[in-house]
Amino acid sequence: MLRAWSADRVRSAEQELMAGLEEGELMARAAQGVAEVCSARLHQGGGTRVVVLAGPGNNGADALYAAAHLADEGFACVAVRGDWPLAIGDADSWLAAGVQVLSSDDDWAAPLAEADLVLDGILGIGGRPGLPDEAVAWVDAVPADAYVVAVDLPSGQDPAGEQAQDEAVFADETVTFAVAKPVHVLPATEPAVGRLTVVDIGLELEGAADVERLDFADVAELWPVPRASDDKYSRGVLGVVAGGEDYTGAPVLCCTAAVGAGVGMLRYVGTPAPTGLVRAAVPEVVIGDGRVQAWVVGPGLDTTSRAKGSKAQLDVARAALASDLPVLVDAGGLDLVTGRRQAPTLLTPHAGELARLLTRLDETSDEVTREQVQASPLAHARRAATLTGATVLLKGATTLVVPPEGTVRSQADAPAWTATAGAGDVLAGVCGALLAAGLSPLDAGSVGALVHGVAADRANPGGPVRALALAHAVPGTVAHLLTR
(Lines give C-alpha, C1' and ligand atoms only; values in the text may rest on other atoms or scores of the structure.)
Protein backbone atom coordinates (compact mmCIF):
# COMPACT_ATOMS: atom_id res chain seq x y z
CA MET A 1 0.00 0.00 0.00
CA LEU A 2 1.21 3.47 -0.90
CA ARG A 3 0.53 6.00 1.86
CA ALA A 4 0.61 9.77 1.48
CA TRP A 5 0.93 12.33 4.26
CA SER A 6 0.07 16.03 4.23
CA ALA A 7 2.76 18.67 3.77
CA ASP A 8 2.33 19.91 7.35
CA ARG A 9 2.88 16.45 8.82
CA VAL A 10 5.90 15.83 6.59
CA ARG A 11 7.52 19.15 7.49
CA SER A 12 6.97 18.50 11.19
CA ALA A 13 8.63 15.07 10.88
CA GLU A 14 11.52 16.63 8.94
CA GLN A 15 12.12 19.16 11.70
CA GLU A 16 12.28 16.38 14.29
CA LEU A 17 14.70 14.37 12.16
CA MET A 18 16.96 17.35 11.40
CA ALA A 19 17.29 18.10 15.12
CA GLY A 20 19.33 14.90 15.46
CA LEU A 21 21.45 15.29 12.30
CA GLU A 22 24.37 17.46 11.31
CA GLU A 23 23.38 20.67 9.58
CA GLY A 24 22.66 20.10 5.89
CA GLU A 25 22.63 16.29 6.15
CA LEU A 26 18.97 15.90 5.21
CA MET A 27 19.34 18.20 2.20
CA ALA A 28 22.43 16.28 1.13
CA ARG A 29 20.49 13.02 1.18
CA ALA A 30 17.68 14.54 -0.85
CA ALA A 31 20.01 16.08 -3.43
CA GLN A 32 21.93 12.84 -3.84
CA GLY A 33 18.69 10.96 -4.47
CA VAL A 34 17.54 13.49 -7.08
CA ALA A 35 20.94 13.41 -8.80
CA GLU A 36 20.91 9.62 -9.04
CA VAL A 37 17.48 9.63 -10.69
CA CYS A 38 18.47 12.40 -13.13
CA SER A 39 21.73 10.66 -14.00
CA ALA A 40 19.88 7.43 -14.75
CA ARG A 41 17.38 9.22 -17.02
CA LEU A 42 20.14 11.10 -18.86
CA HIS A 43 22.07 7.89 -19.49
CA GLN A 44 18.89 6.14 -20.67
CA GLY A 45 18.08 8.93 -23.10
CA GLY A 46 21.62 9.80 -24.16
CA GLY A 47 21.26 13.39 -22.88
CA THR A 48 24.08 15.66 -21.70
CA ARG A 49 22.52 19.09 -20.99
CA VAL A 50 20.70 19.93 -17.74
CA VAL A 51 18.84 23.13 -16.87
CA VAL A 52 17.71 23.77 -13.29
CA LEU A 53 14.74 26.05 -12.59
CA ALA A 54 15.87 27.26 -9.16
CA GLY A 55 13.37 28.73 -6.75
CA PRO A 56 14.16 30.60 -3.53
CA GLY A 57 13.44 27.78 -1.09
CA ASN A 58 14.79 24.39 -0.09
CA ASN A 59 13.64 22.77 -3.32
CA GLY A 60 15.81 25.23 -5.24
CA ALA A 61 18.74 24.27 -3.05
CA ASP A 62 18.03 20.54 -3.50
CA ALA A 63 17.98 21.02 -7.26
CA LEU A 64 21.22 23.04 -7.29
CA TYR A 65 23.07 20.49 -5.17
CA ALA A 66 21.75 17.73 -7.44
CA ALA A 67 23.07 19.68 -10.45
CA ALA A 68 26.50 19.93 -8.79
CA HIS A 69 26.54 16.12 -8.50
CA LEU A 70 25.57 15.87 -12.17
CA ALA A 71 28.31 18.33 -13.13
CA ASP A 72 30.82 16.11 -11.35
CA GLU A 73 29.66 13.30 -13.66
CA GLY A 74 30.39 15.44 -16.70
CA PHE A 75 26.93 16.78 -17.55
CA ALA A 76 26.63 20.42 -18.65
CA CYS A 77 24.54 22.17 -16.00
CA VAL A 78 22.92 25.61 -16.07
CA ALA A 79 20.55 27.06 -13.46
CA VAL A 80 18.00 29.82 -13.99
CA ARG A 81 16.82 31.91 -11.04
CA GLY A 82 14.34 34.75 -10.72
CA ASP A 83 14.50 38.07 -8.94
CA TRP A 84 15.26 36.49 -5.59
CA PRO A 85 18.36 35.42 -3.68
CA LEU A 86 19.46 31.82 -4.13
CA ALA A 87 18.40 29.58 -1.30
CA ILE A 88 22.03 28.82 -0.56
CA GLY A 89 25.36 30.05 -1.93
CA ASP A 90 25.79 32.56 -4.75
CA ALA A 91 26.42 32.46 -8.48
CA ASP A 92 30.20 32.30 -8.05
CA SER A 93 30.11 29.43 -5.56
CA TRP A 94 27.81 27.41 -7.81
CA LEU A 95 29.97 28.15 -10.83
CA ALA A 96 32.90 26.72 -8.89
CA ALA A 97 30.76 23.62 -8.34
CA GLY A 98 30.17 23.33 -12.09
CA VAL A 99 26.74 24.98 -12.34
CA GLN A 100 26.37 28.23 -14.27
CA VAL A 101 23.67 30.41 -12.70
CA LEU A 102 21.70 32.79 -14.91
CA SER A 103 19.32 35.49 -13.70
CA SER A 104 16.10 36.57 -15.37
CA ASP A 105 18.07 39.39 -17.05
CA ASP A 106 20.48 36.95 -18.70
CA ASP A 107 19.86 34.91 -21.85
CA TRP A 108 18.33 31.89 -20.18
CA ALA A 109 16.11 30.98 -23.14
CA ALA A 110 18.96 29.62 -25.29
CA PRO A 111 20.26 26.97 -22.83
CA LEU A 112 16.70 26.05 -21.85
CA ALA A 113 15.81 25.45 -25.50
CA GLU A 114 18.68 22.95 -25.76
CA ALA A 115 18.06 21.13 -22.46
CA ASP A 116 17.83 17.36 -22.46
CA LEU A 117 16.64 17.33 -18.85
CA VAL A 118 14.91 20.14 -16.95
CA LEU A 119 15.07 19.94 -13.17
CA ASP A 120 12.15 21.76 -11.58
CA GLY A 121 13.10 23.20 -8.19
CA ILE A 122 10.92 26.32 -8.27
CA LEU A 123 8.55 25.55 -5.39
CA GLY A 124 8.20 22.87 -2.71
CA ILE A 125 5.40 21.34 -0.66
CA GLY A 126 5.24 24.47 1.50
CA GLY A 127 4.27 26.64 -1.46
CA ARG A 128 0.84 27.77 -2.56
CA PRO A 129 -0.70 26.78 -5.90
CA GLY A 130 0.50 28.87 -8.82
CA LEU A 131 3.90 29.96 -10.13
CA PRO A 132 5.96 33.12 -9.54
CA ASP A 133 5.59 35.52 -12.45
CA GLU A 134 9.12 34.94 -13.78
CA ALA A 135 8.71 31.18 -13.66
CA VAL A 136 5.67 31.19 -15.93
CA ALA A 137 7.87 32.15 -18.87
CA TRP A 138 10.42 29.45 -17.98
CA VAL A 139 7.79 26.72 -17.87
CA ASP A 140 6.26 27.88 -21.14
CA ALA A 141 9.72 27.71 -22.76
CA VAL A 142 10.57 24.14 -21.69
CA PRO A 143 11.15 22.19 -24.92
CA ALA A 144 8.66 19.44 -25.67
CA ASP A 145 11.40 16.81 -25.97
CA ALA A 146 13.10 17.63 -22.66
CA TYR A 147 12.62 15.18 -19.81
CA VAL A 148 11.17 17.15 -16.88
CA VAL A 149 12.02 16.01 -13.35
CA ALA A 150 10.24 17.80 -10.50
CA VAL A 151 11.77 17.98 -7.03
CA ASP A 152 9.16 16.90 -4.46
CA LEU A 153 6.20 18.16 -6.52
CA PRO A 154 5.54 19.78 -9.89
CA SER A 155 5.89 23.49 -9.08
CA GLY A 156 2.66 25.43 -9.05
CA GLN A 157 0.49 22.39 -8.35
CA ASP A 158 -1.53 22.29 -5.13
CA PRO A 159 0.48 20.44 -2.44
CA ALA A 160 -2.79 19.25 -0.92
CA GLY A 161 -3.84 17.78 -4.27
CA GLU A 162 -7.26 19.41 -4.11
CA GLN A 163 -7.20 22.03 -6.88
CA ALA A 164 -6.17 21.49 -10.49
CA GLN A 165 -3.75 24.11 -11.90
CA ASP A 166 -3.20 24.67 -15.60
CA GLU A 167 -0.44 27.29 -15.21
CA ALA A 168 2.06 25.02 -13.48
CA VAL A 169 4.70 22.38 -14.18
CA PHE A 170 3.66 19.08 -15.74
CA ALA A 171 6.53 16.68 -15.07
CA ASP A 172 7.60 13.45 -16.69
CA GLU A 173 8.81 12.29 -13.28
CA THR A 174 8.57 13.58 -9.74
CA VAL A 175 11.19 12.66 -7.16
CA THR A 176 9.86 13.03 -3.65
CA PHE A 177 11.42 12.25 -0.29
CA ALA A 178 10.57 9.56 2.27
CA VAL A 179 6.82 9.36 1.60
CA ALA A 180 4.27 10.36 -1.00
CA LYS A 181 2.17 13.47 -0.47
CA PRO A 182 -1.48 14.06 -1.47
CA VAL A 183 -0.39 16.02 -4.57
CA HIS A 184 1.09 12.81 -5.95
CA VAL A 185 -1.99 10.60 -5.71
CA LEU A 186 -5.12 12.76 -5.86
CA PRO A 187 -6.95 13.21 -9.16
CA ALA A 188 -6.70 17.00 -9.48
CA THR A 189 -2.90 16.96 -9.50
CA GLU A 190 -1.73 13.42 -10.28
CA PRO A 191 -1.71 14.02 -14.06
CA ALA A 192 1.05 16.60 -13.50
CA VAL A 193 3.25 14.25 -11.45
CA GLY A 194 4.23 11.74 -14.11
CA ARG A 195 6.23 8.81 -12.83
CA LEU A 196 6.57 8.96 -9.03
CA THR A 197 9.89 8.01 -7.44
CA VAL A 198 10.20 8.03 -3.64
CA VAL A 199 13.73 8.47 -2.27
CA ASP A 200 14.51 7.20 1.23
CA ILE A 201 16.10 9.94 3.37
CA GLY A 202 15.57 8.24 6.73
CA LEU A 203 12.26 9.92 7.56
CA GLU A 204 9.43 7.96 9.14
CA LEU A 205 5.86 9.06 9.78
CA GLU A 206 3.43 7.57 12.25
CA GLY A 207 -0.33 7.35 12.47
CA ALA A 208 -2.97 7.07 9.79
CA ALA A 209 -2.03 8.48 6.41
CA ASP A 210 -4.08 11.22 4.79
CA VAL A 211 -4.42 9.26 1.54
CA GLU A 212 -3.89 5.57 0.76
CA ARG A 213 -3.52 3.68 -2.48
CA LEU A 214 -3.95 -0.09 -2.52
CA ASP A 215 -1.50 -2.19 -4.50
CA PHE A 216 -1.72 -5.72 -5.85
CA ALA A 217 -0.58 -7.29 -2.58
CA ASP A 218 -3.51 -5.70 -0.74
CA VAL A 219 -5.99 -7.64 -2.85
CA ALA A 220 -4.81 -10.95 -1.39
CA GLU A 221 -5.27 -9.53 2.11
CA LEU A 222 -8.71 -8.03 1.58
CA TRP A 223 -10.43 -10.23 -1.01
CA PRO A 224 -13.11 -12.57 0.49
CA VAL A 225 -11.69 -15.99 -0.37
CA PRO A 226 -14.21 -18.75 0.52
CA ARG A 227 -13.40 -21.43 3.06
CA ALA A 228 -14.28 -25.10 2.78
CA SER A 229 -17.19 -24.58 5.18
CA ASP A 230 -18.77 -21.77 3.13
CA ASP A 231 -21.90 -22.08 1.03
CA LYS A 232 -23.59 -19.72 -1.40
CA TYR A 233 -25.42 -17.93 1.40
CA SER A 234 -22.44 -17.41 3.67
CA ARG A 235 -20.40 -16.10 0.74
CA GLY A 236 -22.95 -13.34 0.25
CA VAL A 237 -26.19 -12.86 -1.63
CA LEU A 238 -26.39 -9.72 -3.74
CA GLY A 239 -29.51 -8.10 -5.09
CA VAL A 240 -29.29 -5.99 -8.25
CA VAL A 241 -31.95 -3.47 -9.26
CA ALA A 242 -30.81 -2.21 -12.65
CA GLY A 243 -31.81 -1.43 -16.20
CA GLY A 244 -35.12 -0.85 -17.88
CA GLU A 245 -36.85 -1.14 -21.22
CA ASP A 246 -34.63 1.61 -22.69
CA TYR A 247 -31.40 0.55 -20.95
CA THR A 248 -31.05 -3.19 -21.28
CA GLY A 249 -27.27 -3.63 -21.33
CA ALA A 250 -26.36 -2.24 -17.91
CA PRO A 251 -27.87 -5.11 -15.89
CA VAL A 252 -26.17 -7.72 -18.10
CA LEU A 253 -22.79 -6.07 -17.50
CA CYS A 254 -23.39 -5.57 -13.78
CA CYS A 255 -24.63 -9.12 -13.18
CA THR A 256 -21.87 -10.66 -15.32
CA ALA A 257 -19.26 -8.80 -13.27
CA ALA A 258 -20.86 -9.70 -9.93
CA VAL A 259 -20.93 -13.45 -10.60
CA GLY A 260 -17.42 -13.19 -12.03
CA ALA A 261 -16.24 -11.54 -8.83
CA GLY A 262 -17.43 -14.58 -6.89
CA VAL A 263 -20.69 -13.54 -5.25
CA GLY A 264 -22.37 -16.52 -3.59
CA MET A 265 -25.76 -15.86 -5.12
CA LEU A 266 -27.26 -13.09 -7.25
CA ARG A 267 -30.86 -11.90 -7.41
CA TYR A 268 -31.98 -9.58 -10.21
CA VAL A 269 -34.99 -7.26 -10.23
CA GLY A 270 -35.82 -5.64 -13.57
CA THR A 271 -38.41 -5.00 -16.23
CA PRO A 272 -39.25 -7.62 -18.88
CA ALA A 273 -36.71 -6.87 -21.64
CA PRO A 274 -33.55 -6.75 -19.50
CA THR A 275 -34.80 -9.65 -17.40
CA GLY A 276 -34.86 -11.83 -20.51
CA LEU A 277 -31.36 -10.75 -21.46
CA VAL A 278 -30.00 -11.38 -17.96
CA ARG A 279 -31.60 -14.85 -17.92
CA ALA A 280 -29.79 -15.70 -21.16
CA ALA A 281 -26.43 -14.10 -20.42
CA VAL A 282 -26.09 -14.96 -16.73
CA PRO A 283 -27.98 -18.20 -16.05
CA GLU A 284 -26.76 -18.30 -12.44
CA VAL A 285 -29.00 -15.33 -11.58
CA VAL A 286 -32.21 -15.81 -9.60
CA ILE A 287 -34.89 -13.50 -10.94
CA GLY A 288 -37.00 -11.51 -8.48
CA ASP A 289 -36.87 -9.90 -5.07
CA GLY A 290 -35.76 -11.91 -2.06
CA ARG A 291 -33.44 -12.10 0.90
CA VAL A 292 -30.00 -10.59 0.27
CA GLN A 293 -26.96 -9.35 2.21
CA ALA A 294 -26.45 -6.22 0.06
CA TRP A 295 -27.94 -4.35 -2.88
CA VAL A 296 -26.74 -2.66 -6.04
CA VAL A 297 -29.28 -0.04 -7.09
CA GLY A 298 -29.11 2.04 -10.22
CA PRO A 299 -27.05 0.91 -13.23
CA GLY A 300 -29.21 1.80 -16.25
CA LEU A 301 -32.19 2.59 -13.99
CA ASP A 302 -34.63 5.20 -15.32
CA THR A 303 -36.60 6.55 -12.35
CA THR A 304 -39.00 8.40 -14.67
CA SER A 305 -39.97 5.37 -16.78
CA ARG A 306 -43.61 4.35 -17.02
CA ALA A 307 -42.88 1.12 -18.91
CA LYS A 308 -44.30 -2.19 -17.79
CA GLY A 309 -42.68 -3.38 -14.57
CA SER A 310 -41.00 -0.06 -13.81
CA LYS A 311 -43.12 0.81 -10.76
CA ALA A 312 -42.54 -2.58 -9.13
CA GLN A 313 -38.82 -2.28 -9.84
CA LEU A 314 -38.67 1.21 -8.29
CA ASP A 315 -40.57 -0.02 -5.24
CA VAL A 316 -37.81 -2.60 -4.65
CA ALA A 317 -35.13 0.04 -5.18
CA ARG A 318 -36.71 2.39 -2.63
CA ALA A 319 -37.19 -0.47 -0.16
CA ALA A 320 -33.51 -1.35 -0.52
CA LEU A 321 -32.50 2.22 0.29
CA ALA A 322 -34.87 2.26 3.27
CA SER A 323 -33.45 -1.01 4.65
CA ASP A 324 -30.58 -1.50 7.07
CA LEU A 325 -28.56 -3.47 4.48
CA PRO A 326 -25.42 -2.25 2.67
CA VAL A 327 -26.32 -0.60 -0.63
CA LEU A 328 -24.25 0.52 -3.61
CA VAL A 329 -26.01 3.34 -5.46
CA ASP A 330 -25.00 4.05 -9.04
CA ALA A 331 -26.21 6.06 -12.04
CA GLY A 332 -30.01 6.36 -12.06
CA GLY A 333 -30.22 5.16 -8.47
CA LEU A 334 -28.53 8.38 -7.34
CA ASP A 335 -31.79 10.17 -8.16
CA LEU A 336 -33.39 8.22 -5.29
CA VAL A 337 -30.87 9.47 -2.69
CA THR A 338 -32.61 12.11 -0.58
CA GLY A 339 -30.27 12.58 2.36
CA ARG A 340 -28.30 10.69 4.99
CA ARG A 341 -28.47 6.92 5.24
CA GLN A 342 -27.36 5.12 8.42
CA ALA A 343 -26.53 1.71 6.92
CA PRO A 344 -23.29 1.13 4.97
CA THR A 345 -23.62 2.93 1.65
CA LEU A 346 -21.36 3.33 -1.36
CA LEU A 347 -22.23 5.99 -3.95
CA THR A 348 -20.47 5.59 -7.31
CA PRO A 349 -21.05 8.73 -9.40
CA HIS A 350 -18.98 10.20 -12.20
CA ALA A 351 -18.31 13.94 -12.12
CA GLY A 352 -21.54 14.97 -13.83
CA GLU A 353 -23.68 12.75 -11.60
CA LEU A 354 -21.96 14.07 -8.48
CA ALA A 355 -22.60 17.65 -9.62
CA ARG A 356 -26.31 16.92 -10.05
CA LEU A 357 -26.51 15.12 -6.69
CA LEU A 358 -24.88 18.00 -4.82
CA THR A 359 -27.08 20.57 -6.54
CA ARG A 360 -30.20 18.65 -5.59
CA LEU A 361 -29.26 17.82 -2.00
CA ASP A 362 -28.02 21.28 -0.99
CA GLU A 363 -30.61 23.80 -2.10
CA THR A 364 -28.90 26.59 -0.12
CA SER A 365 -25.88 26.64 -2.44
CA ASP A 366 -25.40 27.53 -6.09
CA GLU A 367 -25.66 24.96 -8.84
CA VAL A 368 -22.64 22.66 -9.00
CA THR A 369 -21.23 21.94 -12.45
CA ARG A 370 -19.28 19.00 -13.83
CA GLU A 371 -16.36 21.37 -14.45
CA GLN A 372 -16.29 22.43 -10.80
CA VAL A 373 -16.21 18.80 -9.66
CA GLN A 374 -13.39 18.01 -12.09
CA ALA A 375 -11.38 21.03 -10.88
CA SER A 376 -11.66 20.10 -7.19
CA PRO A 377 -12.87 16.49 -6.99
CA LEU A 378 -11.86 15.74 -3.41
CA ALA A 379 -13.70 18.73 -1.94
CA HIS A 380 -16.90 17.83 -3.79
CA ALA A 381 -16.68 14.13 -2.91
CA ARG A 382 -16.17 15.07 0.76
CA ARG A 383 -19.20 17.33 0.64
CA ALA A 384 -21.33 14.52 -0.76
CA ALA A 385 -20.05 12.11 1.89
CA THR A 386 -20.97 14.62 4.61
CA LEU A 387 -24.45 15.25 3.21
CA THR A 388 -25.31 11.56 2.74
CA GLY A 389 -23.27 9.74 5.38
CA ALA A 390 -22.09 7.49 2.55
CA THR A 391 -18.69 6.59 1.17
CA VAL A 392 -18.36 8.28 -2.21
CA LEU A 393 -16.49 6.59 -5.05
CA LEU A 394 -15.91 9.33 -7.62
CA LYS A 395 -15.03 7.66 -10.91
CA GLY A 396 -12.28 8.99 -13.15
CA ALA A 397 -8.78 8.35 -14.44
CA THR A 398 -7.84 8.54 -10.78
CA THR A 399 -10.73 7.18 -8.75
CA LEU A 400 -11.40 8.62 -5.31
CA VAL A 401 -13.00 6.62 -2.50
CA VAL A 402 -13.99 9.10 0.20
CA PRO A 403 -15.60 7.99 3.49
CA PRO A 404 -17.60 10.43 5.66
CA GLU A 405 -14.50 10.76 7.85
CA GLY A 406 -10.99 9.33 7.98
CA THR A 407 -8.44 8.34 5.38
CA VAL A 408 -9.23 8.81 1.70
CA ARG A 409 -8.25 6.22 -0.90
CA SER A 410 -7.15 6.92 -4.45
CA GLN A 411 -6.78 4.33 -7.19
CA ALA A 412 -5.27 4.77 -10.67
CA ASP A 413 -5.10 1.23 -12.02
CA ALA A 414 -7.12 1.42 -15.24
CA PRO A 415 -5.86 2.20 -18.74
CA ALA A 416 -7.41 5.18 -20.52
CA TRP A 417 -9.26 2.69 -22.77
CA THR A 418 -11.52 1.97 -19.77
CA ALA A 419 -13.35 5.27 -20.35
CA THR A 420 -16.11 3.55 -22.29
CA ALA A 421 -19.85 3.09 -21.90
CA GLY A 422 -20.70 0.23 -19.56
CA ALA A 423 -17.43 0.19 -17.63
CA GLY A 424 -19.19 1.75 -14.63
CA ASP A 425 -21.83 -0.99 -14.68
CA VAL A 426 -19.05 -3.57 -14.41
CA LEU A 427 -17.50 -1.67 -11.50
CA ALA A 428 -20.85 -1.64 -9.70
CA GLY A 429 -21.11 -5.41 -10.02
CA VAL A 430 -17.62 -6.03 -8.66
CA CYS A 431 -18.02 -3.64 -5.73
CA GLY A 432 -21.51 -4.94 -5.00
CA ALA A 433 -20.21 -8.50 -4.73
CA LEU A 434 -17.63 -7.31 -2.21
CA LEU A 435 -20.26 -5.47 -0.16
CA ALA A 436 -22.36 -8.64 -0.05
CA ALA A 437 -19.31 -10.58 1.18
CA GLY A 438 -19.02 -8.21 4.13
CA LEU A 439 -16.39 -5.67 3.11
CA SER A 440 -16.82 -2.09 4.22
CA PRO A 441 -17.80 0.49 1.59
CA LEU A 442 -14.25 1.89 1.73
CA ASP A 443 -12.63 -1.51 1.12
CA ALA A 444 -15.25 -2.64 -1.39
CA GLY A 445 -14.85 0.54 -3.39
CA SER A 446 -11.06 0.68 -3.42
CA VAL A 447 -10.44 -3.05 -3.95
CA GLY A 448 -13.17 -3.13 -6.57
CA ALA A 449 -11.64 -0.16 -8.40
CA LEU A 450 -8.23 -1.83 -8.40
CA VAL A 451 -9.53 -5.15 -9.74
CA HIS A 452 -11.69 -3.34 -12.30
CA GLY A 453 -8.68 -1.41 -13.59
CA VAL A 454 -6.41 -4.44 -13.80
CA ALA A 455 -9.16 -6.47 -15.50
CA ALA A 456 -9.50 -3.76 -18.15
CA ASP A 457 -5.79 -3.92 -18.87
CA ARG A 458 -5.77 -7.73 -18.99
CA ALA A 459 -8.82 -7.82 -21.27
CA ASN A 460 -6.81 -6.27 -24.11
CA PRO A 461 -3.42 -4.88 -23.07
CA GLY A 462 -2.69 -1.62 -24.84
CA GLY A 463 -5.85 -1.60 -26.93
CA PRO A 464 -9.58 -0.83 -26.94
CA VAL A 465 -11.67 -2.60 -24.31
CA ARG A 466 -15.36 -3.50 -24.51
CA ALA A 467 -17.18 -3.36 -21.20
CA LEU A 468 -18.37 -6.94 -21.69
CA ALA A 469 -14.79 -8.12 -22.22
CA LEU A 470 -13.85 -6.28 -19.04
CA ALA A 471 -16.59 -8.09 -17.12
CA HIS A 472 -15.48 -11.46 -18.49
CA ALA A 473 -11.88 -10.68 -17.44
CA VAL A 474 -12.80 -10.24 -13.76
CA PRO A 475 -12.56 -13.91 -12.61
CA GLY A 476 -9.12 -14.42 -14.17
CA THR A 477 -7.92 -11.10 -12.79
CA VAL A 478 -8.97 -12.01 -9.27
CA ALA A 479 -7.18 -15.35 -9.55
CA HIS A 480 -4.08 -13.62 -10.94
CA LEU A 481 -3.97 -11.13 -8.08
CA LEU A 482 -4.58 -13.77 -5.42
CA THR A 483 -1.85 -16.11 -6.67
CA ARG A 484 0.82 -13.78 -8.10
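**Close-up views of a predicted model**

**View 1. Strand 2 and strand 3 pair in the parallel sense over six bridges.** Strand 2 is mostly covered, with five of its six residues buried, where buried means under 20% relative accessible area, exposed over 50% and partly exposed in between (1.4 Å probe, protein chains only). The model is predicted, and local features need pLDDT of at least 70, side-chain atom pairs count only at pLDDT 80 or more, and totals for chains, interfaces and linings use all residues. Residues are numbered from 1 along each chain as its sequence is written, and side-chain values use heavy atoms, with hydrogens and water left out.

**View 2. An open sheet of seven strands, in the order 4-3-2-5-6-7-8, has parallel pairing.** Its edge strands are strand 4 (99-102) and strand 8 (195-199), each of which pairs on one side only. From one strand to the next, the twist averages 20 degrees; axes are lines fitted to C-alpha atoms, for helices over the stretch in contact, and angles run from 0 to 180 degrees between N-to-C directions. Strand 6 (residues 147-151) and strand 7 (residues 173-177) pair in the parallel sense over three bridges, and A150 has T174 in strand 7 as its bridge partner. Helix 2 (residues 25-45) packs on the sheet, where it touches strand 2 (49-54), strand 5 (117-121), strand 6, strand 7 and strand 8, and its direction makes about 155 degrees with that of strand 7. Helix 3 (residues 58-72) also packs on the sheet, touching strand 2, strand 3 (76-81), strand 4, strand 5, strand 6 and strand 7, with its direction at about 160 degrees to that of strand 2. Contact, here and below, means heavy atoms within 4.5 Å.

**View 3. The largest nonpolar core has 52 residues, and those with the most contacts inside it are W223, L238, V240, C255, L266 and V426.** Two or more residues of this core come from each of strand 10 (237-241), helix 10 (249-260), strand 11 (265-269), strand 13 (294-297), helix 16 (423-436), helix 17 (441-459) and helix 18 (467-483), and the largest share, ten residues, is that of helix 16. A nonpolar core is a set of buried Ala, Val, Leu, Ile, Met, Phe, Trp, Tyr and Cys residues joined through side-chain atoms within 4.5 Å. Not counting residues up to four places away in sequence, V426 touches L253, A257, H452, A467, L470, A471 and V474. Apart from this core lies another, of 44 residues, among them V10, L26, V34 and A209.

**View 4. L434 lies in helix 16 and is buried, with a relative accessible area of 1%.** Residues up to four places away in sequence aside, L434 touches W223, P224, L439, A444, V447 and G448. L434 and W223 are 211 residues apart along the chain, yet their C-alpha atoms are separated by 7.9 Å.

**View 5. The largest pocket holds about 960 Å³ of space.** On a 1 Å grid over the protein atoms alone, a pocket is an open set of points with protein on both sides within 12 Å along at least five of seven lines, a cavity is a set of points where a 1.4 Å probe fits but cannot get out, and lining residues have an atom within 4 Å of a point. Grid points are joined across faces, edges and corners, and a volume is the space filled by probe spheres set on the points. The pocket is lined by 38 residues, of which H350, K395, G396, A397 and A419 lie nearest its centre. Helix 16 supplies the largest share of this lining, four residues.

**View 6. Helix 13 is mostly covered, with eight of its eleven residues buried.** These buried residues are A351, G352, E353, L354, A355, L357, L358 and L361, and they pack against strand 15 (345-347), helix 14, helix 15 (377-388) and strand 16.

Conventions: Pairing = 2+ DSSP bridges.
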